[in-house]
Amino acid sequence: MLIDTHCHIAGDEFVDDLAQVVSRAQDAGVDQAICILDATARVELDRVATVRAAWPSVRFVAGVHPHHAGAVALDELGRVVSSALEASSAIAVGEIGLDYHYDFAPRTVQREVFGRQVAMAVQRGLPVVIHTREADADTLEVLDAAGTGRARGVFHCFTGDQALADAAVARGFHVSFSGIVTFPRAEALRAVAATIPPDRWLVETDSPYLSPAPGRGGRNEPARVVRVLETMASVRGLPVAEAAAQALANAAAVFGDVGPNR
Ligand SMILES: [Zn+2]
Ligand SMILES: [Zn+2]
């Protein structure tokens, strides 16, 4: 039993063979996944029913990614995000955040769009799934502006340093590791991963992005979260089965348990 806490299987990359992708995941013991939806992409929202039919235990998260922060007029943002959340019965708002590496949208716009979505999540009592790259201080500032302890959730695909990991944990957030933690030269990230409290780490693939080593490059898929888990188990000195149980329990703490009818 394992969960991929972050994948984009409603994307174009999975249209042709989603059923096979799901059966490979299930064969690998990955019986749950959280599918991230781009709230600005009608085509992804329209695939919710298809994804749910292919993989009934999948749950959804929707939001406006920092890359697309400039694509939505600010006075439309609330409506766009709300309708995506409702259309997918979303269990969190995401992925949202700041990406100062690519800077696809102006930083002031990214901050505004991120902050408004954090406020929406807090208001609805939902966690947030945060994407942050080269924007540590501003990300924490936006979260703190929501009020101490009010925003909760996950720093996804964590690639930050020890200071950012400590800041996330201190604010009650979970820290999710992707295939990047398996890369040969990721020693510094593995050292950070070893310091996360036992009840605060998660695993994800970010499929179709970020294939873990070996097999780096090409389309990633949820079955490969097993590799991430194996690396985390070794980093943390745990048997794989124990690490899997911990990762699943930690995901349930953030996103809730999968109900019996899912
Ligand atoms: Zn991301
Ligand atoms: Zn993602």
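**View 1. H131 in strand β5.** H131 sits in strand β5 (residues 128–133), strands being DSSP runs of E with at least two residues and helices runs of H or I with at least four, numbered from the N terminus. The model is predicted: local features need pLDDT of at least 70 and side-chain atom pairs count only at pLDDT 80 or more, while totals for chains, interfaces and linings use all residues. Residues are numbered from 1 along each chain as its sequence is written, chains are lettered from A and ligands numbered from 1 in the order in which they are written, and side-chain values use heavy atoms, leaving out hydrogens and water. With a relative accessible area of 15%, H131 is buried (under 20%; exposed is over 50%, partly exposed in between; 1.4 Å probe, protein chains only). The side chains of H131 and E95 make a polar contact (3.0 Å); such a contact is a pair of N or O atoms within 3.5 Å, where within protein one must be able to donate a hydrogen and the other to accept it, and residues adjacent in sequence count only if both atoms are side-chain atoms.

**View 2. H156 in the loop between β6 and α7.** This loop runs between β6 (153–155) and α7 (162–170) and holds H156. H156 is buried, with a relative accessible area of 5%. Beyond four places in sequence, H156 is in contact with residues including H6, E95, H131 and D206 (heavy atoms within 4.5 Å). The side chain of H156 also makes a polar contact with that of H6 (3.3 Å).

**View 3. H131 and H156 as a pair in the record.** An unreviewed UniProt entry gives the feature "binding site" at H131 and H156; positions are in the numbering used here, feature names are shortened, and annotations may be inferred rather than shown by experiment.

**View 4. The zinc ion (ligand 2).** Its protein donors are H6 (NE2), H8 (NE2), E95 (OE) and D206 (OD), 2.1 to 2.3 Å from the ion. Donors are N, O and S atoms within 2.8 Å of the metal (3.2 Å for Na, K and Ca); water is not among the atoms, so sites may look incomplete. The zinc ion (ligand 1) lies 3.6 Å from the zinc ion (ligand 2), and E95 coordinates both. E95 belongs to strand β4 (residues 93–99) and D206 to the loop between β8 (201–203) and α9 (225–236), so this pair ties together parts 111 residues apart in sequence. Both E95 and D206 are buried.
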